Amino acid sequence: MSIESVMTPRLLAISHSVPDGGSLADIGTDHAYIPIYLCQKGRIDTALAMDVRSGPLSRAEENICRYGLCDRIKTRLSDGLSALCEGEADTVVIAGMGGLLIAELLARAPVTAKTYVLQPMTAVPELRLWLLENGFAILDECLAQEGEKLYTIITAECGSMTIEKPVYAYVGKRLLEKRDPLTPVLIDMLLKKYIAAQAGLLRSERPETREKEEHCTHMITSLMQLKKECEAWSL
């Protein structure tokens, strides 16, 4: 079985976001498909496949041996980045976890890396804001789609940045700058969510919903503006 046959659009987008060369630490590696793919393609030199559970690590080891990469990919039991040593990884991948958990793992990390490739399953705006407030700069973003699900992949480094508009926490500015073809899909999904939320709040008579109502109105207005920007791409 070729490694390509198990690489989903999400896994491919994460892999394509990893810089060429050097070493990789894949946190929460599960089947170790990302380091296997990158080693096979000659994109990285070595990798550490790390996981907090022994079960996934056993599966990872089996796959690494199956693809003949035992000399280039090592496994390590680790709670997040806790077992990673300084200089062992040029790039750290943390994918398939909630955005708040990713932030927690970065906050507890004993070492730093040159590049971080992050793929949150939830709390994407919260992760962007955490990066802003904790000494990280977003270098790039891309989107991947699998069925009706849309995934955001963030490439970051240690540094500083600004988020000029609140809506950019929800739709990354880099997605707009590079005209990622899935950006309009993301905007439509967010619009649907906030229009539905606003309708529910308008039916409520509770006074504490006023602030949430105002947030929804602001988000809908901002997203509609972004939608117009995307529509101008084809003109």
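Predicted model: local features only at pLDDT ≥ 70, side-chain atom pairs only at ≥ 80, totals over all residues.
A crossing of two helices is called left-handed if the near helix is turned anticlockwise from the far one by less than a right angle, and right-handed if clockwise. The crossing of α7 and α8 is left-handed. Helix α8 covers residues 210–231, and it packs against α7 at an angle of about 155°, the two axes being 9 Å apart. Because angles over 145 degrees count as roughly antiparallel, α7 is roughly antiparallel to α8.

A pair of aromatic rings is described by the distance of the centres and the angle of the planes. How many aromatic pairs are there in this model? The count comes to three.

One of them joins Tyr-116 and Phe-136, whose ring centres lie 5.5 Å from each other with 80° between the planes, which is an edge-to-face arrangement. This pair links distant parts of the chain, for Tyr-116 sits in strand β5 (residues 115–120) and Phe-136 in strand β6 (residues 136–146), 20 residues apart. Are these two residues buried or exposed? Tyr-116 is buried, at a relative accessible area of 3%, and Phe-136 is buried too, at 7%.

Another pair is made by Tyr-170 and Tyr-194, with ring centres 6.2 Å apart and planes at 80°, so this pair is also edge-to-face. Here again distant parts of the chain are linked, as Tyr-170 belongs to the loop between β7 and α6, while Tyr-194 belongs to helix α7 (residues 183–203), 24 residues away. Tyr-170 counts as partly exposed, with 21% relative accessibility, because buried means under 20%, whereas Tyr-194, at 7%, counts as buried.

In α5, which spans residues 124–133, the buried residues are Val-124, Pro-125, Leu-127, Arg-128, Trp-130 and Leu-131. Their cover includes α4, β5, β6, β7 and α6. After α5 comes Gly-135, which has a positive phi, near 80°.

Finally, a charged residue beside a ring: Arg-10 lies over the face of Tyr-151, at 5.8 Å from the ring centre.

Definitions and conventions
Residues numbered from 1 in each chain as written. Heavy atoms only, no water. Phe/Tyr/Trp six-rings, centres within 6.5 Å; stacked < 30°, edge-to-face > 60°. Helix = DSSP H or I, 4+ residues; strand = E, 2+ residues; numbered from the N terminus. Buried < 20%, exposed > 50% of the residue type's maximum accessible area, 1.4 Å probe, protein only. Lys NZ or Arg CZ within 6 Å of the ring centre and 35° of its normal. Axes fitted to C-alpha atoms, helices over the stretch in contact; angles between N-to-C directions. Parallel < 35°, antiparallel > 145°, perpendicular 65-115°, else oblique. Contact = heavy atoms within 4.5 Å.
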